[in-house]
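Visitor: Please walk me through this model, and tell me where each label comes from.
Guide: Gladly; here it is.

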Amino acid sequence: MAFLHSNGIGIAGISCAVPDNEITVESYTSVFGEEIPAKFMAGTGIKAMYRALPDQTAGDLAYAAAENLLLRLDVDKDKIGALILVTQSPDYRRPATACVLQHRLGLTMDCAAMDISLGCSGFIYGLQTAMSLMEHSDMEYCLLLMGETASKLVHPLDRSVAMMYGDAGAAVLLERQKEAESITLLCSDGGRFKTIILPAGGFRDMNPPHDSFVCNDGVERSLYDIYMEGTSVFSFSISDVPRAIQNYLEKTNTTSIDYDLFLFHQANQFIIKQLSKRLKIPKEKVPISLDRYGNTGGISIPLTLCANYGDKDIGLQKTFMAGFGIGLSWGVTSAEIDTAKLLPIIKTKDWYVEGRITPDMLM
């Protein structure tokens with residue numbers, strides 16, 4: 001097991017952004033009839049989500065969250081030594097969207113920038129990567145950004161996921177905090193990579209036919225649409241993930257009593273309830289956001305914090321966090337988070353007009 005340790009690095013603040021375009025699950029009655037959306041809401045707990053506008057990208061949502069955070073915290077941008085963007089829906093195949101964001105945010109050329117391609121475990125992996133970079137450098141701040149527009153990658157008639165994904169962006173500022181320390185557990189199982197997959201468009205198969213076909217779950221998709229094997233995902237979520245959590249608690253010599261909040265990836269309410277039940281966690285310690293924002297992938301952990309505690313100062317909270325999903329990949333960590341530094345979620349319609357490349361710009 002990969003346990004990683006970081007000392008002297010803490011979270012200075014968190015901001016999240018969603019597109020100004022709310023979609024309700026009820027609105028899908030015109031597509032699927034009344035029964036399917038009703039069952040979906042009852043089973044997942046998802047009632048609404050926010051979807052990116054046609055021109056909005058993951059980079060735009062991450063940018064909006066970052067600008068809001070840096071403005072509210074009044075941070076000297078020249079002191080930000082690295083920018084990490086976690087996304088699986090980048091603005092371009094090349095270059096890294098993080099480099100574009102470094103420019104858009106007005107950070108110096110001394111700021112390192114890189115993308116990390118991870119989904120639902122991305123916040124845990126990204127947080128540990130950012131902490132490790134800071135711990136072995138002289139930088140004062142590191143900016144961890146996240147953005148996803150997974151809704152653009154689903155078949156509109158896929159009843160299993162069409163009503164599930166919400167789009168969002170997040171920004172987490174890390175700073176040096178003398179007393180801060182963390183232990184993180186990171187895991188992966190690429191043997192199950194087909195469990196959640198979008199087969200087409202990468203360099204393995206760049207231009208397959210767009211023809212639709214009926215998959216083994218009875219849903220029609222093309223190779224350009226996200227496929228999720230629901231039964232396998234559920235089994236993974238209630239077996240491998242609890243095992244990792246127990247391993248983490250043993251390693252840190254802690255129990256559920258030692259934490260104020262438990263932040264789980266917002267996959268669906270049933271999985272969250274199963275995890276809470278196994279760990280014997282009181283409901284009030286497990287905030288959710290999926291009912292209002294859907295499954296926002298790796299962003300769901302910081303988004304849940306901002307959705308429930310933005311501008312609500314309830315003091316320093318010892319927070320347990322677990323992200324899990326596509327890869328398969330999962331991670332567990334904990335941190336002390338000052339709720340006074342959690343900002344309310346903002347909505348945006350903005351997009352980077354200069355980022356749209358047209359032929360005349362290359363001639």
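**Labels and their cut-offs**

Visitor: How do the residues of the lining of the second largest pocket divide into nonpolar, polar and charged?
Guide: There are 11 nonpolar, nine polar and seven charged residues. Here Ala, Val, Leu, Ile, Met, Phe, Trp, Tyr, Cys and Pro are nonpolar, Asp, Glu, Lys and Arg are charged, and the others, Gly among them, are polar. Bear in mind that the model is predicted: local features need pLDDT of at least 70, side-chain atom pairs count only at pLDDT 80 or more, and totals for chains, interfaces and linings use all residues. Residues are numbered from 1 along each chain as its sequence is written, and side-chain values use heavy atoms, without hydrogens and water.

Visitor: What makes a set of points a pocket and not a cavity?
Guide: On a 1 Å grid over the protein atoms alone, a cavity holds points where a 1.4 Å probe fits but cannot get out, while a pocket is an open set with protein on both sides within 12 Å along at least five of seven lines; lining residues have an atom within 4 Å of a point. The second largest pocket has about 540 Å³ of space, a volume being the space filled by probe spheres set on points joined across faces, edges and corners. Its lining has 27 residues, and Ala180, Glu181, Ser182, Ala335 and Glu336 are the closest to the centre. Elements giving two or more residues to this lining are β1 (2–19), β7 (168–188), α7 (240–252), β13 (316–325) and β14 (329–338). Such elements are DSSP runs numbered from the N terminus, with helices being H or I of at least four residues and strands E of at least two.

Visitor: What makes helix α4 largely enclosed by the rest of the structure?
Guide: Six of its eight residues are buried, so the helix (residues 97–104) is largely enclosed. Those six are Thr97, Ala98, Val100, Leu101, Gln102 and Arg104. The cover includes α3 (58–73), β4 (80–86), β5 (112–116) and β6 (141–148).

Visitor: What makes a nonpolar core?
Guide: A core is a set of buried Ala, Val, Leu, Ile, Met, Phe, Trp, Tyr and Cys residues joined through side-chain atoms within 4.5 Å. The largest has 44 residues, and among those touching the most other members are Ile245, Tyr248 and Phe320. Helix α7 gives the most to this core, with five residues. A second, separate core of 41 residues includes Ile14, Leu305, Cys306 and Met321.

Conventions: Buried means under 20% relative accessible area, exposed over 50%, partly exposed in between (1.4 Å probe, protein chains only). Contact means heavy atoms within 4.5 Å.
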